[in-house]
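Visitor: Please put the model up so that we can go through its side-chain contacts and strand pairing.

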Amino acid sequence: MRVMERTFREQLFFLLLCLSVLKGDCRYTENNDISKDELYSLLSSDLRREIPELLTYRRPLRCLDMVAVEGQFTFTAETPQLSCATFFMAEPNELISVEFDSVDIDCSGGDFITTFDGWVMKGEKFPSSQDHPLPLYERYVNYCDSGTARKSLRSSQNVAMVFFRVHGAGSSFAMTVRKHVNPFPCNVMSQSPEGSYTMVTPQQHRNCSFSIIYPVAIDISEFSLGHHSNFPTRSLPSCAESGDYVQLLGGSGIDTSKLLPITDLCISFTGPTHMKIGCDNTVVRTVSSGRFVSRVSFSYRLLDSQELQTIKLNNVEDFCFNN
């Protein structure tokens with residue numbers, strides 16, 4: 001793929017332009033004729049489309065595609081397609097299920113179709129292995145694996161993906177995508193560059209993250225750990241020592257374990273904490289010991305070009321532009 005100068009517009013679309021998809025020890029790259037504007041318009045139109053409950057939405061897939069609605073999706077190869085991927089996205093409080101209705105590919109000839117519980121981009125995974133409830137090998141489901149009983153995937157968060165390789169013209173498959181209510185969302189990929197959200201973590205030992213793939217201004221209005229008198233009220237040398245805290249992270253990838261720490265919060269508070277973060281990806285991440293019910297509320301909006309320029313010239317806050 002041709003290397004292009006990183007402009008502000010390209011920062012907004014970086015996640016939609018990645019053409020490198022990983023499957024275990026396999027690495028394949030292919031040039032696509034889909035422009036960033038075409039791919040972004042596919043996502044936008046899917047988000048805007050309203051579908052009657054009794055009408056199943058159907059459309060063919062491109063080699064590189066984004067899907068944000070329920071329906072039946074088909075792919076038929078006209079030529080060999082060696083590195084294709086479809087990215088699925090739902091609302092923050094929804095899960096995604098992908099079920100194959102029919103498959104006509106040559107597994108013995110090197111074709112494959114693999115579903116993944118999350119997203120894989122440029123070798124990085126969302127959610128990260130540290131934050132996902134399943135081990136990495138259980139997040140992959142290869143349709144062609146002998147003895148594999150699972151022909152479907154139900155995601156653990158609001159994103160999932162299918163990537164595939166087919167050699168023969170006429171190779172095809174059809175799959176049905178459905179969304180399901182998630183009563184306790186944990187890891188979320190934001191659909192929009194602006195909005196508000198409250199992450200609630202029950203008394204469970206797990207980490208949750210809310211990823212915003214845009215440079216944003218973010219306001220954290222509340223962070224609470226319930227009413228427990230044994231929680232320290234003084235500042236700790238390190239928030240990690242408390243076992244329960246909120247992180248703000250920033251960087252250019254989607255793996256939270258590889259992002260740069262911006263600040264940690266480990267004392268309950270009510271009141272605005274405002275920051276402008278000029279990164280491709282901004283993440284609010286909660287780390288929970290399981291002793292408390294934690295809650296963090298925040299709002300965010302897209303930074304304009306003038307704000308981005310100011311941050312870029314700031315010697316303290318420009319790490320996202322230099323890494």
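Visitor: Which residue forms a salt bridge with Glu307?
Guide: This is a predicted model, in which local features need pLDDT of at least 70 and side-chain atom pairs count only at pLDDT 80 or more, while totals for chains, interfaces and linings use all residues. Residues are numbered from 1 along each chain as its sequence is written, and side-chain values use heavy atoms, with hydrogens and water left out. A salt bridge here is a side-chain nitrogen of Lys or Arg within 4 Å of a carboxyl oxygen of Asp or Glu. For Glu307 the closest N and O atoms are 2.7 Å apart, and the partner is Arg301.

Visitor: Which residues are joined with Glu307 into one network?
Guide: Glu307 is buried, at 13% relative accessible area, and Arg301 is partly exposed, at 35%; buried means under 20%, exposed over 50%, and partly exposed in between (1.4 Å probe, protein chains only). Salt bridges that share partners make the network, and the residues joined with Glu307 are Lys276 and Arg301.

Visitor: How many residues apart in sequence are the parts tied together by Arg291 and Asp244?
Guide: The two side chains meet in a salt bridge at 3.3 Å, N to O. Arg291 lies in the loop between β22 and β23 and Asp244 in the loop between β18 and β19; strands are DSSP runs of E, at least two residues long, numbered from the N terminus. The pair therefore ties together parts whose separation in sequence is 47 residues.

Visitor: Which strands hold Arg178 and Glu99?
Guide: Arg178 and Glu99 form a salt bridge, with the closest N and O atoms 3.9 Å apart. The pair links distant parts of the chain, 79 residues apart: Arg178 is in β14 and Glu99 in β7.

Visitor: What is the handedness of the disulfide of Cys63 and Cys84?
Guide: A disulfide is a pair of cysteine sulfur atoms within 2.5 Å, and Cys63 and Cys84 have theirs 2.1 Å apart. The torsion about the S-S bond is about -95 degrees, so the disulfide is left-handed.

Visitor: Where do Cys107 and Cys144 lie?
Guide: These cysteines form a disulfide with sulfur atoms 2.0 Å apart. The pair ties together parts 37 residues apart in sequence, because Cys107 lies in the loop between β7 and β8 and Cys144 in the loop between β11 and β12.

Visitor: Which strand holds Cys208?
Guide: A disulfide joins Cys186 to Cys208, S to S 2.0 Å. Cys186 is in the loop between β14 and β15, 22 residues from Cys208, which is in strand β17.

Visitor: Which strands stand at the edges of the open sheet of five strands?
Guide: The order is β15-β17-β22-β19-β20, with mixed pairing; two strands pair if DSSP finds at least two bridges between them. Each edge strand has a single partner strand, so one side is left without a neighbour in the sheet; the edges are β15 and β20.

Visitor: What is the bridge partner of Val188 in β17?
Guide: β15 and β17 pair in the parallel sense over two bridges. In β17, the bridge partner of Val188 is Phe210.

Note on methods: Helix = DSSP H or I, 4+ residues; strand = E, 2+ residues; numbered from the N terminus.
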